[in-house]
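Subject: Structure for your files

Hello,

Please find the structure below, handed over as promised. My notes on it come after.

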Amino acid sequence: MPTNELMSILLLVAVCAAMMLGFPVAFTLAGVSVVFAFIGASMGVFDLFFFNAIPGRLYGVMSNEVLVAVPLFVFMGVMLERSRIADELLETMGQCFGSLRGGLGISVTIVGMLLAASTGIVGATVVTMGLLSLPAMLKAGYDPKLACGTVCASGTLGQIIPPSIALVVLADSLSGVYAESQLAKGNFIVEPFSVIDLFAGALIPGLMLSSLYILYLVYMAIFNPETSPAYYRKDVGRTELILKIAKALVPPIFLILAVLGSILGGLATPTEAASFGGVGATLLAFLRGQLKISVLREVASSTARISAMVFAILIGASIFSLTFRGFGGDHLVHEFLTGLPGGFFTAMLIVMLVMFVMGFVLDFIEIVFIVVPIVAPALFMADISPVWLGVMMGINLQTSFLTPPFGWALFYIRGVTPSSIKTTTIYRGVMPFIAIQILMLAIIWTFPEIATWLPSVLLG
């Protein structure tokens, strides 16, 4: 093996090892890459001229209008979480379904789906539902494994149900790679691929995944009734319940329709819709009496912190990508994937497995910025739909929040569960939901039209 290709493999191994040791991801990606670049230059196998492209890449990140949607969606999500909309949704859904076996679990899943479409902030959703619904589920006699698994899985729906920060980042990464791969194939008339396409493609799979969660809870309620008993609450009159449902559901549904509907309907770009969503979330917090200086300070601080993390990782990943390409790593990966027996099927299977395993130790943003630029060019050579590939990757990345030992949703739920619930109980509780996500991946792989039909109808 040539020295430069060996250096690209060692670079990838060193980056993964440093991140597993707990070093900050953004600085690990950039720092290790620079060190390897100078070592390679001293050995004559790396041209430092590649680093001349760094200013252009950084300027491209700063001037990318699509990425402006990231802090805006974060602001909208955090503001909605502070407006205590989840509290009212959980209470109302609990009164609707709580008298049924498995009803509380179904309520949590429905609320998670609604919060996913209106906030998209996984951490806030898991913590909020863990604080509000987990005590009620345990008090009702739910199996702790099922209760913790339901809360974790429902909270991660914000990864795949649009509008989602993960989908924005993923679509931005895929769009550039897709255009480059088509030009490399000699196709100079490239069909555009954007965040809107991926939002439309992920909508039906996201709703299907939520439905599979609910079907699993119904199955458990029927065949293992002791795991999810009914929770009889104080009787509420039908008129009062209808009013509560209307009050709890109308604001978030209106915001969802306004933001997502304007994007899919072509009335606004994702960035414009996100800004509208931020204003709508602020107005909703004001109407609920939650808009205070302290709340604004918390929302601004959280938005700045999360956005800074995303863009710092993006900058570090740009330096890593340049260095990896400078060593010829992209050609090595391309030759490996295209030369596998079984062709595209084997290559896609290996990419999905690698992303799934990386989800054990890395966050979705890190996986997107590391994996997509490396493997997507080879996959696009098979004339696949970028929407289908984006949805497949999005569902796969969702598992990174649930897979032990470092799934973020597991940490979030661990922080709000009683000490009597062991960490192993939480791990065992999420396993069926991880299996459901893998089943959903198999369904989308077998029937790609599930992901591509809606974009073709809405966007032609």
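The notes start with the whole chain and then turn to single residues.

This is a predicted model, so to read it: local features need pLDDT of at least 70, side-chain atom pairs count only at pLDDT 80 or more, and totals for chains, interfaces and linings use all residues. Residues are numbered from 1 along each chain as its sequence is written, and side-chain values use heavy atoms, with hydrogens and water left out.

Overall fold

The chain has 21 helices and 0 strands (DSSP runs, H or I of at least four residues for helices and E of at least two for strands, numbered from the N terminus). Its radius of gyration is 23 Å, close to the 23 Å from the globule rule for 460 residues, so the chain is as compact as a globular protein of that length. That radius is taken over C-alpha atoms, and the rule is 2.2 Å times the number of residues to the power 0.38. Along the principal axes, the C-alpha atoms fill a box of roughly 75 × 45 × 45 Å.

Of the 460 residues, 54% are buried (under 20% relative accessible area; exposed is over 50%, partly exposed in between; 1.4 Å probe, protein chains only). Among contacts (heavy atoms within 4.5 Å) between residues at least 6 apart in sequence, 81% join residues at least 24 apart. The chain exposes about 19,400 Å², with carbon and sulfur atoms supplying 70% of it; the method is Shrake-Rupley with a 1.4 Å probe, and for residues only the protein chains shown count as cover.

Core

The largest nonpolar core holds 154 residues. Such a core is a set of buried Ala, Val, Leu, Ile, Met, Phe, Trp, Tyr and Cys residues joined through side-chain atoms within 4.5 Å. The members that touch the most others are Phe-73, Leu-174, Phe-199, Leu-389, Met-393 and Ile-444. Helix H17 (residues 364-380) gives the largest share of this core, 14 residues.

Beyond four places in sequence, Phe-199 touches Phe-73, Pro-162, Pro-163, Ser-164, Leu-167, Val-168, Leu-260, Ile-263 and Leu-264.

Backbone exceptions

Most residues other than glycine have a negative phi, and most peptide bonds are trans. Pro-162 and Pro-163, both in the contact list of Phe-199, are joined by a cis peptide bond with omega about -5°. Pro-163 lies in the loop between helix H9 (144-155) and helix H10 (165-184). Asp-383 is not a glycine, yet its phi is positive, about 60°. Asp-383 sits in the loop between H17 and helix H18 (386-398) and is exposed, at 60% relative accessible area.

Buried residues in helices

Thr-323, in helix H14 (residues 293-326), counts as buried because its relative accessibility is 0%. Leaving out residues up to four places away, Thr-323 touches Leu-11, Ser-33, Ala-37, Phe-46 and Phe-51.

Ser-262 belongs to helix H12 (residues 238-264) and is buried at 12% relative accessibility. With the same exclusion of residues up to four places away, the contacts of Ser-262 are Leu-257, Leu-267, Ala-268 and Ala-273.

Ala-153 is in helix H9 and is buried, with a relative accessible area of 0%.

Regards
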